[in-house]
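Thanks for coming. I will go from the whole chain down to two residues, so please keep the model on screen.

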Amino acid sequence: FVAVVNKAMSERFAKLVSSAEVLLPELPWPRDFEKDTFLKPDFTSLDVAHLRRQRHPRRQSTSPTVHDDIRQSEGFKNVSLGNVLAVAYATQKEKLTFLEEEDKDAYIKWKGPSFEVQVGLHELLGHGSGKLFVQDDQGKFNFDQNTLINPETGEKVTSWYRRQRDVGQQCVGLYLCLNKLALSIFGHEDQDAEDVVYINWLNMVRAGLLGLEFYTSESSSWRQAHMQARFVILRVLLEAGEGLVRLEEVAGADGRPDARITLDRTKIRTVGKTAIQRFLCKLQVLKATADVAGGRALYDGYSAVTDSGSHNFLRLRDTVLLRKEDRKMFVQANTRVQGEAVELVEYEGSVAGLICSFTERFQEDAEQLEADLLELSKRDSPCWCH
């Protein structure tokens, strides 16, 4: 793809990294469970001008630095495709599902800014934080196995990695977005900062519900790891109780099944923070000590989708599929040289605009492209709804 650097957003990400020594001690695990040295990652925000395929990635981690063994010793790089994210997460008010009417305007206004904060904190500090306890091939430990205490059990750590493993981590973005410094780096102060926090948390609980689309009931399995993680976070916040998050099944205006999810913004910094703090600490301890059995039991328990308990998540999954928003189309601009200048050619945001953009991008293969598309169309036609 061809892209240009969004300098303003990249500078914010760089400032966030520079503030790591202040923000990382805020994470809810003992100092011994944090890396000995924070390896500053590189993060660049790009605006895509041209991508030579229709399916758009939203973030890119430069391989192989997505693996924890590289992160622990070398650091990592990421790029965020900012204008792709803006389109991917945009929505019209009338198509915004599962929220109270009074939340919708604020959600649309602050969804983009709150997601920038979430991405920065999760990608830069979430993936860059947390130590893994390892015994290398020579038998050397990167921690003192005789004195290190597991804060969950109060006993000495009894398990570790024989070599590095790649383990995922969530929740850091939710937890650290409560920090005033983190919010100010992205230009959010006072009431605006509180609105960003609220929408960030509201978006996460809504995303947990939407994630049910990616659960397959026939095989009792998840098809997408990020969606599974968001559902787990929803379950953790529902479990916190005290009216923090409410999820109820209702009838929609059309008489068909619907759902409503609400978040009490006055309890985010108390009930919510405590719940995420405890869960995040458990995750880091399980991850750091290579406790596979404990980690699987915790995660599988929270990500189980059943029809029992306080919420019938199997039935809610049917509701999520019923209310699913149409997949967004990314209509790309093209560029062409006119004399000494480069002209940007844009198209309307419609199916026709998408087709025009695609065919004009490959004019040298126009005849073959048209023939191929017609053949694909004929193959797909039995699957179309008429």
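Accessible areas here come from the Shrake-Rupley method with a 1.4 Å probe, and for residues only the protein chains shown count as cover. On that basis the chain has an accessible surface of about 20700 Å², and carbon and sulfur atoms hold 50% of that surface.

Two notes on the source. This is a predicted model, where local features need pLDDT of at least 70, side-chain atom pairs count only at pLDDT 80 or more, and totals for chains, interfaces and linings use all residues. Residues are numbered from 1 along each chain as its sequence is written, and side-chain values use heavy atoms, with hydrogens and water left out.

Along the principal axes, the C-alpha atoms fill a box of roughly 70 × 55 × 45 Å. Of the 386 residues, 45% are buried, meaning under 20% relative accessible area, with exposed over 50% and partly exposed in between (1.4 Å probe, protein chains only).

Now the first residue. Is Ser129 buried or exposed? Ser129 counts as buried, because its relative accessibility is 1%. It sits in the loop between helix H5 (101–126) and helix H6 (172–176); helices (H or I, at least four residues) and strands (E, at least two) are DSSP runs, numbered from the N terminus. A polar atom of the Ser129 side chain lies 2.7 Å from the backbone oxygen of Leu125, and one lies 3.2 Å from the backbone oxygen of Gly126.

The other residue is Met329, in the loop between helix H12 (313–322) and strand S9 (334–338). Met329 has 40% relative accessibility, so it counts as partly exposed.

Conventions:
Polar contact = N/O pair within 3.5 Å; in protein donor to acceptor, adjacent residues only side chain to side chain.
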